[in-house]
Amino acid sequence: MNIHEYQGKSILKSFGVRIQEGLVADTPEKAVEAAKEIQKQTGTGIWVIKAQVHAGGRGKGGGVKLAKSLDEVKEIVKKMIGMNLITHQTGPEGKTVHKVLVAEDVFYPGDEEHKEYYMSVLLNRETGRNTIMYSTEGGVDIESVAENTPHLIFKEEIDPKVGIMPFQARRVAFNLGLSGPAFKDMVRFIMALYTAYEKTDSSLFEINPVLKTSDGKILAVDCKVNLDDNALFRHKDYLEMRDLAEEDPAEVEAGKHDLNFIKLDGNVGCMVNGAGLAMATMDIIKLSGGDPANFLDVGGTANAETVEAGFRIILKDPNVKAILINIFGGIVRCDRVAQGVVDAYEKVGDIKIPVIVRLQGTNAEEGKQLIDDSGLKVYSAITFQEAADRVKELV
């Protein structure tokens, strides 16, 4: 589960990580009040206005602005809220800005000694260990650094038996070229950051940039956090941070029906039981000349209700020209799924695109007979090749 920058920073602060202070606002008037409060707390008369969307690269898209007066705060926020922000991570469709973070300006005037670093904590799936990835090249796209100057990216793997050790935090600070108060503060920063990552059951903490001020303070200026969905039952308070407006509506609706759904850009909708079979189905769609429009796993207990929900979600995509339903009857019987398809088809109403149903496993022949006898515009198939031929023929 992705959360906003201001939410991620609040988590970091609760674990003792120094952050760029700020307050969230969803109207220009609230933004001015937030700016006044920050000025009261920090003494700053300059503020950074940041669009709060689940995407990086906001600065290049016009989603990060500097305000030097309260009037500027109001004008900037007035233009920013409601804007369609397009970055390299949002895609060409962009994201609508619903709220902003009004933050203190942490770059001191005339400060030429400040330094920006990149730091993230994530799981290295090859080794099965949490890893701190960091670089002296902060404030820029880390992908570009990795491509052009890979020697400037360092990694520190954490042994799960003992957790992060102080000497590892010191090694990170040393590799970043720090000394004196900044070195000690970076060590504290790293230890607190890793603790936050581990205790929140996160899959990613990314801080870009981590700032070293001229007086040796280390703080998080930006923050991207991904929380592990599978551990949210242990963090009910974090679950409340979910912003449905930032998620794909179809994926949100699928979640309500316990369906695993990911929207893609193709023209063939697919509904499958089992993640492995779903991947194979997407392959056969591609090989037959189509492009998968989605990944939809209805699970091992598919019934009329889940099939109907799947139909409705897939049909909301105007790019879909055909639907391939691929069910393996193991836990669930194929004839029961076939009846569910017929019932769902009738409930959904006039489906103007062809539907191909491939059933294999328990009672597959009975299921095929139900489909063939339904009188509906549904094409049945038994083998993968039959399904592929149907897709090629109809798309």
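Where is Met165 found? Select it: Met165 sits in the loop between strand E10 (153-157) and H5. Helices (H or I, at least four residues) and strands (E, at least two) are DSSP runs, numbered from the N terminus.

**Before you go on**

This is a predicted model, in which local features need pLDDT of at least 70, side-chain atom pairs count only at pLDDT 80 or more, and totals for chains, interfaces and linings use all residues. Residues are numbered from 1 along each chain as its sequence is written, and side-chain values use heavy atoms, with hydrogens and water left out.

**Stop 1: the whole chain**

Zoom out. The chain has 13 helices and 19 strands. Its C-alpha atoms fill a box of roughly 80 × 50 × 40 Å, taken along the principal axes. Of the 395 residues, 49% are buried. Buried means under 20% relative accessible area, exposed means over 50%, and partly exposed lies in between (1.4 Å probe, protein chains only). Accessible areas come from the Shrake-Rupley method with a 1.4 Å probe; for residues, only the protein chains shown count as cover.

Now colour by pLDDT, the predictor's confidence in each residue, from 0 to 100. The chain's mean is 89, and 97% of its residues reach 70 or more. Confidence is highest in helix H5 (residues 166-175), at 97, and lowest in helix H11 (residues 334-348), at a mean of 80.

**Stop 2: a patch on the surface**

Return to Met165. At 33% relative accessibility, Met165 is partly exposed. With Met165, they make a nonpolar surface patch of about 270 Å². Patch residues have over 30% relative accessible area and no salt bridge; like charges are joined within 9 Å, and nonpolar side chains (Val, Leu, Ile, Met, Phe, Trp, Tyr) within 5 Å.

**Stop 3: the cores**

Go inside. A nonpolar core is a set of buried Ala, Val, Leu, Ile, Met, Phe, Trp, Tyr and Cys residues joined through side-chain atoms within 4.5 Å. The largest one has 40 residues. Select Leu12, Met119, Ile132, Met186, Phe189 and Phe205, the residues with the most contacts inside this core. H6 gives the largest share of this core, 11 residues. A second, separate core has 33 residues, including Ala293, Val320, Ile351 and Ala364.

Which residues does Ile132 touch, not counting residues up to four places away in sequence? Among them are Met119, Phe154, Ile164, Ile190 and Tyr194. Contact means heavy atoms within 4.5 Å.

**Stop 4: pairs of charges**

Side chains of opposite charge can pair when their charged atoms come close. A salt bridge is a side-chain nitrogen of Lys or Arg within 4 Å of a carboxyl oxygen of Asp or Glu. The structure holds 22 salt bridges.

Select Asp185 and Arg188. They form a salt bridge, with the closest N and O atoms 3.1 Å apart. The two are three residues apart in helix H6 (residues 180-199), so about one helical turn separates them. Is Asp185 buried or exposed? Asp185 is buried, at 8% relative accessibility. Arg188 is exposed, at 52%.

Move to Arg312 and Glu308. Their side chains meet in a salt bridge (3.1 Å, N to O). They lie four residues apart in helix H10 (residues 304-315), about one helical turn. Arg312 is partly exposed, at 34%, whereas Glu308 is buried, at 16%. Elsewhere, salt bridges that share partners join Glu5, Lys9, Lys50, Arg58 and Asp222 into one network.

Next, pick Asp159 and Lys161. Their salt bridge has its closest N and O atoms 3.2 Å apart. Lys161 is exposed, at 69% relative accessibility.

**Stop 5: Lys217**

Select Lys217, in the loop between E11 and E12. Lys217 is partly exposed, at 38%. Lys217 touches Arg18, Asp185, Leu211 and Lys212, not counting residues up to four places away in sequence.

**Stop 6: helix H8**

Finish at helix H8 (residues 249-256), where the buried residues are Ala250, Val252, Glu253 and Ala254. What do they pack against? The buried residues of H8 pack against strand E14 (260-263) and H10. Last, click Asp258, which follows H8 and has a positive phi, near 60°.
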